[in-house]
Amino acid sequence: MSINERQNSKLNLKRLAAQRQLYSDAKKMMHIQFAISGMAVIVFAIIGNIISKEYAVYITVLSILCVLFDELFLTKRIENLRLNAAIIQEDFDCDVLQIPFNYIKNSHGTMLETIQENSKKYLSKNKNFDLLVNWYPGMDMADLKYGRIICQSTNCWWNQKLREKYSNFLILSTATIFIFLLLIALFNGITLSGFIMSVISPILPGGVLVYKIDRDNKKAIQNLNDMKNKLDSIIERLRAKELYPDEKLQNDIRCLQDMIFENRSASPLIPDRFYFRYRDRYEDIAQTSNKELVELIKTQYNE
């Protein structure tokens, strides 16, 4: 079976549906994070600044409670959902790309029940698997030996570009909100204590959340960049027809897959609305690039 046939098999489409559903559930929890840590406290702060300065102390207490609730409950729940989704996606990759499974690193079992439960939830909303077909684009004519390297490279490139845009968006939004609150406080005749309670306290939960996301995104982007460079060097060696024993290539692919799994299980989530805004554009680029790489490597090796 080819990469295309395996990635579009019934089981693998269910795996993709399940991981998409788990990520979707985790993103709903993330939306609650932003609602509680960001918008709710800021709205109360604006009301407090406009109506009466006496409310400022309550805003400070509310901000601290939001940070604690996020750390003790929401973050843990999101991390668990994200890990399960990454495990299922690892199963998908190992099957589709015929990569030996790392049982020492990932001893989680088959996850069949989780796949069945969450793929059904996905189908109840999307009716079919059409959006998941050809998960790795442009691989209809790809040879397995070189195709899996190209697929891994696609993973890194696509993820990296999205994370860069998402981090920039969050930082810009946080800075805009900070300036807005500062202007309101200045209009009301701000003091040092007023600045802390009317500006710093309201933005603290959202600021802490954005800082964590940006910090983890930068780590993920750096990891993705390192992986992409390693994958590009392998592709260049294959294109140049350099000596690359199959055993070494297999080992390198497995090591890179471990890095991809670790990155998936630890990286911050990207909201669906942001993801789908750029999905078609980046997918078209990936499909064209993948087809060109497949043809180039095949042509050179047949010469």
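Colleague: What percentage of the 303 residues of the chain count as buried?

Modeller: This is a predicted model, in which local features need pLDDT of at least 70 and side-chain atom pairs count only at pLDDT 80 or more, while totals for chains, interfaces and linings use all residues. Residues are numbered from 1 along each chain as its sequence is written, and side-chain values use heavy atoms, with hydrogens and water left out. Buried means under 20% relative accessible area, exposed over 50% and partly exposed in between, with a 1.4 Å probe and protein chains only. Of the 303 residues, the share that counts as buried is 47%.

Colleague: How many helices and how many strands are in the chain?

Modeller: Helices (H or I, at least four residues) and strands (E, at least two) are DSSP runs, numbered from the N terminus. Along the sequence the pattern reads α-α-α-α-α-α-α-α. The chain therefore has eight helices and zero strands.

Colleague: What distance separates the end C-alpha atoms of H7?

Modeller: The expected span of a helix is 1.5 Å times one less than its number of residues. For the 21 residues of H7 this should give 30 Å. The expected span agrees with the distance between the end C-alpha atoms, which is 30 Å.

Colleague: Is Asp93 buried or exposed?

Modeller: Asp93 lies in helix H3 (residues 56-96). Contact means heavy atoms within 4.5 Å; leaving aside neighbours within four places in sequence, Asp93 is in contact with Gln98, Ile99, Tyr136, Asn155, Gln257 and Arg264. Because its relative accessible area is 0%, Asp93 is buried.

Colleague: With which residue does the side chain of Gln33 make a polar contact?

Modeller: Gln33 is in helix H2 (residues 10-51), and at 5% relative accessibility Gln33 counts as buried. A polar contact is a pair of N or O atoms within 3.5 Å; within protein, one must be able to donate a hydrogen and the other to accept it, and residues adjacent in sequence count only if both atoms are side-chain atoms. At 3.4 Å, the partner of the Gln33 side chain is the side chain of Thr75.

Colleague: What is the angle between the planes of Tyr122 and Phe129?

Modeller: Rings of Phe, Tyr and Trp (its six-membered ring) pair if their centres lie within 6.5 Å; planes under 30 degrees apart count as stacked, over 60 as edge-to-face and the rest as tilted. The structure holds four aromatic pairs. Tyr122 and Phe129 form a stacked pair, with 6.4 Å from centre to centre and an angle between the planes of 20°.

Colleague: How many disulfides does a search of the whole structure find?

Modeller: A disulfide is a pair of cysteine sulfur atoms within 2.5 Å. Among the cysteines, Cys94 is buried at 8% relative accessible area, whereas Cys255 is partly exposed at 39%. The number of disulfides found in the whole structure is zero.
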